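Biologist: Please take one part of this model and go through it closely. I would like to hear about the charged side-chain pairs, with the cut-offs stated, and then about the strands.

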Amino acid sequence: MTADTKWNTRRRRAIQSIFQTDISQPTPYSTPSLQFAEPGQPFGGPQVQTPRKWTDPTSFQAQRFLSSPESNPRAAQQTRLDRAWHVVTSRIALPPSVSAEDSFGSLPTSLDLDDGEFEDALRDVLNPAVRLPLAAHTEDILAWHTQQVRLHFVSHVLPLITVCDGYSDQTQVLLGSIRTLEAAHRQYLFGLSLILRAMDQDDADRALGKFLRDLHAIVGNSMSNALTNALRTVLGQLMKTVLGIDGMAHPAGQRKKPVLDSSRRDESRKEVLQLVESLCKVGLAGEKFQILFAELLDGMMITYVRESFAGVWEPNKGLESKTRASVHHTMQPKCVRELSDWVENQYARLAVEVTSRLGGVQVSWTEVEKWKEIAVGRLAALRIDELFDIVVNWPNSDGGVEDLRFAVTTPQRRLQLTDAFSTSLQKRLLHPGRSTLDILRTYIAMIRTFHKLDHSRVLLDRVAYSLQMYLCTREDTVRIIVTGLLANREEVNTDARKTKLVELVELLLQDSNQFRTERQDEEWDDLDWIPPPVDAGSNYKRRKSEDVIGTLISALGSPEVFIKEFQSIIGERLLSEQTGFKQEVGVLDLLKKRFGESSLQACDVMIKDIQDSARLDGVIHRGAVNHPDKVDRDWTIHARILSRLYWPEVGEERFTLPSNVTEMQTMYETIFEHLKPSRKIKWLNHLGQATVELELEDRTILEEVHTYEAAVINAFSEENASSWTFDDLWMKLEMDEDLLTAALEFWEKKHVLRQLPDKHYVVVERLSDAEQPSSQQAAQSANAATVEMAPAATRRAKPGISEKEKEKRQVYWQFIVGMLTNSSPAMPLGQIAMMMKMLIADGFPWSNEELQEFLGEKVIDGELEIAGGKYKLIKK
């Protein structure tokens, strides 16, 4: 205690001993007692009281007589109580003004507390029924103190907290508010402590508890939005440090381990607990804080799951895939184990430490287990969002699939998974910007990923329907699948992956060993049998193998579509210059196991035709040497003899061949019919190959070309035929315009022919002549508006259509007429193509371009008209 404080105390006591101000001020003997409060007003409180007016002299004399202590003991005890009330309330009264956020005036000194008069007055006020039984009007000092605290808080503390809310730094907002509330609490609890020291211990504890509850309720309900936001920010940052969350976003798959050392984490933990204790002392740790802390914990879990496990899909080395469900559920993937460990040792620890300081909140082990389940659910939600990327990165994303397999166990989560993945498919895959090869490759990854995720294939059937329907609209789907099956195994890791679905080669070999017959699908003797999922359909049938090939083929609608395209591609390969067909034969044998011998009988006949043709061609050549009508020239013709009923329809393009080739064909037919009396040969000249050797002035060219290309260049070797126009060649060779155009363009690219400005084609004997302006350059330099006035000679219709093809075209036309008559009077090209693929049982082999050409012919014939991009029948 300073000298100045001691001096002031002594001076106040000296004045009081002389003038007795403490006796005369509260209740003078000559005036009525002021302890009678107005109705509804607390006695002795901070409210201003209006003096009682006396109008009746007789009543005044009677009151004065009653108030005289010498004449009435009741008045004497009431006066003593009033004076005691004044002594106590003046001592515990709160300061009327505040000068700073952390100062509400100085507390009384120890000399002020050692006052016997105050002790007596306090006992009178606390226990008037025993000490002053005749006093009629008494008040509760604890209620009076609580009331003055409430008024003081509203009048002085709340304005200071509002000032703190205006700070720019969130930490200063929080610390300033806490300092203000701590200073106020010191004043409030000091006055209460003076009252409680005169009470029994049990009564004092009950009074203190009630006062703190009331005070904390006032403080807790007065939290502003700025203070709440500051508490959320400061506490959130500390909790991130404690829980090992760095708050930095990392690329997918690049997981960053927490680098916080234990000392920094322990320091942050200590700061969190100190902050919570301070909040509890000042009354800010009420219901609002508990809700805020729960929200922060929930956000921390979400943040930790996304920052720690997003893109982390590496395979679980210690987790072996089991077929039995009971074994599976006992094994936890790596990410699940790490997440459960974090919840138990970090998350739950912080929650227990904080809630234990709040009081009345206990965390049991059951709640910790529930937190683990919630964390696994958050991990499942993350993996569901990443499922499309997991599928694309298969098999390098096996760990992500294991996490989903462990976490997605309820029908609700399974439905959430399929809905989210279907949305991702529509958004990221099923659109014109993705090639058919990419879609099929993703579909294969889907099949394998979902088989790993769910052996029942229920989830796959849910998400694959839209993809299968979309693949049916792509014209090259079947061809890409068949080409991939016929690829070589050596092409798997080469650049051929960019153009072929080479993964099907290895899958075909794997599936051939796992493929089972219908009898093997029976489950009555399956020791690993498990019941179907609760969300499986009524026609559910369990499959144990992935069966990627079978799933892809089933997506095409029917096996017949695949087999038909397979026959077409096999036919193209067999008719090519390829010498060996080991790969084709091997694939055919594997497909027979899947579809049966009868379904692929035509392919067997096709391969046998090629093998027999080589042997029969040698026999015919030996017979031609000894034939009496043998022509006097080299025998250079070879043929592949095909069985017409078993080969795909290849059409027919007729044109005139050179005479020497025609003579060799005639002799070939004669010898063949002698060897095979019941069979005849029909030449398909446009499918043949010819070796052409051209001797020019400065070079010699040797090329393997198509027969129609050889026929065109042969026309320039005739006498007096060094120059031809397009129309002249067309009339001489009787060749289809498209074939003739393709042949002329081929020889122009080889610098063998060139077109003059007068539309004549001539042979380029010297390469120096090829440098002269070509016909295209001359056409560009000439006037583009030049129009030929004389029409060209009338060309015949497109040839080369067989009778069988004409029948098909007529059937297709009947379908189109029926659609435009019964379904819709006008349809665009795409809708017509889709309807044809759906209605024709054997499949619709035409592309959109071929269908458009066919419809264009009908427009020219006057059967159809096109308006607004839609075709409709012409009314006749």
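**Salt bridges and the sheet**

Modeller: Arg383 and Asp403 meet through their side chains in a salt bridge, with 3.0 Å from N to O. The term stands for a side-chain nitrogen of Lys or Arg within 4 Å of a carboxyl oxygen of Asp or Glu. This pair links distant parts of the chain, 20 residues apart: Arg383 belongs to helix α16 (residues 365-385) and Asp403 to helix α18 (residues 398-407). Helices (H or I, at least four residues) and strands (E, at least two) are DSSP runs, numbered from the N terminus. Arg383 is buried, at a relative accessible area of 0%, and Asp403 also counts as buried, at 2%. Buried means under 20% relative accessible area, exposed over 50%, and partly exposed in between (1.4 Å probe, protein chains only).

The model is predicted, so local features need pLDDT of at least 70 and side-chain atom pairs pLDDT 80 or more, while totals for chains, interfaces and linings use all residues. Numbering starts from 1 along each chain as its sequence is written, and side-chain values use heavy atoms, without hydrogens and water.

The structure holds 30 salt bridges. Another of them joins the side chains of Arg197 and Glu119, at 2.7 Å from N to O. Arg197 sits in the loop between α9 (170-196) and α10 (201-220), and Glu119 sits in helix α6 (residues 116-126), so this contact ties together parts that are 78 residues apart in sequence. On the Arg197 side the relative accessibility is 40%, which counts as partly exposed. Glu119, at 18%, counts as buried.

Asp203 is partly exposed, with a relative accessible area of 31%, whereas Arg206 is exposed, at 55%. There is also a network of salt bridges, which links Arg80, Asp124 and Arg131.

Now the strands. An open sheet of 3 strands runs in the order β6-β8-β7, with antiparallel pairing. Both β6 (827-828) and β7 are at the edges and have a single partner strand each, so one side of each is left without a neighbour in the sheet. Two strands pair if DSSP finds at least two bridges between them. Strand β7 (residues 864-867) is joined to strand β8 (residues 870-873) by 4 bridges, and the two run antiparallel. Within this pairing, Leu864 is opposite Leu873 in β8, and Ala867 is opposite Lys870 in β8. β7 and β8 make a hairpin with 2 residues between them, and Gly868 in its turn has a positive phi of about 65°.

Met838 is in helix α35 (residues 829-839) and is exposed, with a relative accessible area of 60%. Asp476 lies in the loop between α21 (458-472) and α22 (477-485) and is partly exposed, at 34%.
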